[in-house]
Amino acid sequence: ADDMGLGKTIQALCTLDGPSLVVCPTSVLFNWADEMRRFRPGLTFHTYHGPQREFDDEAQVTLTSYAILRLDIEELSERKWQTVVLDEAQNIKNPDSQVAQAAFRLNADFRVAMTGTPVENRLEELWSQFHFLNRGLLGGRADFRKRYARPIAEGDANAAAHLRERIRPF
């Protein structure tokens, strides 16, 4: 089940129960719907997307895209979600971006970030994803730069080992 990312999708589907939000690229939005029908047929869901989008308060899962998250953050952040899943979470790698700022505002008891590329250019991309997942685990942004990003960029093996140990469970 690991072909084409299906393994991660199934694992994430197993975490969904109550009011949950799945945020993904528009290109895989309908793939999520297909996989829910196939692997979690008892789970009710709706797609919150397109110009006529409306919430279905009876659905257990709401599917939406990063573009809609950014556009409708007021409505999405007002809701209490049991679980929020970010598929292709590298979309929030820039903590200053509007989509990352929107993701940080979501109100959820449990958060999942799925990505095959957690860091592409800067170590701060990892901080942004962990800031969504478990705020404070890696400290504030300035502290993260001072404690990890700069020393690792300068070749400090101890700082790199400490960061690896800190995030190993995830």
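**Rings and helix packing**

Colleague: Is Phe-130 buried or exposed?
Modeller: Phe-130 has a relative accessible area of 7%. This is a predicted model, in which local features need pLDDT of at least 70, side-chain atom pairs count only at pLDDT 80 or more, and totals for chains, interfaces and linings use all residues. Residues are numbered from 1 along each chain as its sequence is written, and side-chain values use heavy atoms, with hydrogens and water left out. Under 20% counts as buried, over 50% as exposed and in between as partly exposed (1.4 Å probe, protein chains only), so Phe-130 is buried.

Colleague: How many aromatic pairs does a search of the whole structure find?
Modeller: Rings of Phe, Tyr and Trp (its six-membered ring) pair up if their centres lie within 6.5 Å. Searching the whole structure, the count of aromatic pairs is three.

Colleague: Which kind of aromatic pair do Phe-130 and Phe-170 form?
Modeller: The centres of Phe-130 and Phe-170 are 5.4 Å apart, with 75° between the planes. Planes under 30 degrees apart are stacked, over 60 edge-to-face and the rest tilted, so Phe-130 and Phe-170 are edge-to-face.

Colleague: And how many residues apart in sequence are the parts that this pair ties together?
Modeller: Helices (H or I, at least four residues) and strands (E, at least two) are DSSP runs numbered from the N terminus. Phe-130 sits in helix H6 and Phe-170 in the segment after H8, so the gap in sequence is 40 residues.

Colleague: What about the rings of Phe-144 and Tyr-148: what is the pair called?
Modeller: Their centres are 5.5 Å apart and their planes stand at 50°, so the pair is tilted. Both residues lie in helix H7, four residues apart, about one turn of the helix.

Colleague: How does H7 lie relative to H8?
Modeller: Their axes, lines fitted to C-alpha atoms over the stretch in contact, come within 8 Å and cross at roughly 120°. Angles run from 0 to 180 degrees between N-to-C directions. Under 35 degrees is roughly parallel, over 145 roughly antiparallel, 65 to 115 roughly perpendicular and the rest oblique, so H7 and H8 are oblique.

Colleague: How many charged residues has the contact of H7 with H8?
Modeller: Contact means heavy atoms within 4.5 Å. Phe-144, Arg-147, Tyr-148, Pro-151 and Ile-152 of H7 meet Ala-159, Ala-160, His-162, Leu-163 and Arg-166 of H8. Ala, Val, Leu, Ile, Met, Phe, Trp, Tyr, Cys and Pro count as nonpolar, Asp, Glu, Lys and Arg as charged, and the others, Gly among them, as polar. On that basis there are seven nonpolar residues, one polar, and charged residues numbering two.

Colleague: And H5 with H6: how do those lie?
Modeller: H5 and H6 have their axes 8 Å apart, at an angle of about 25°. That makes H5 and H6 roughly parallel.

Colleague: Which residues of H6 make the contact?
Modeller: From H5 come Ala-100, Ala-103 and Phe-104. From H6 come Ser-128, His-131 and Phe-132.
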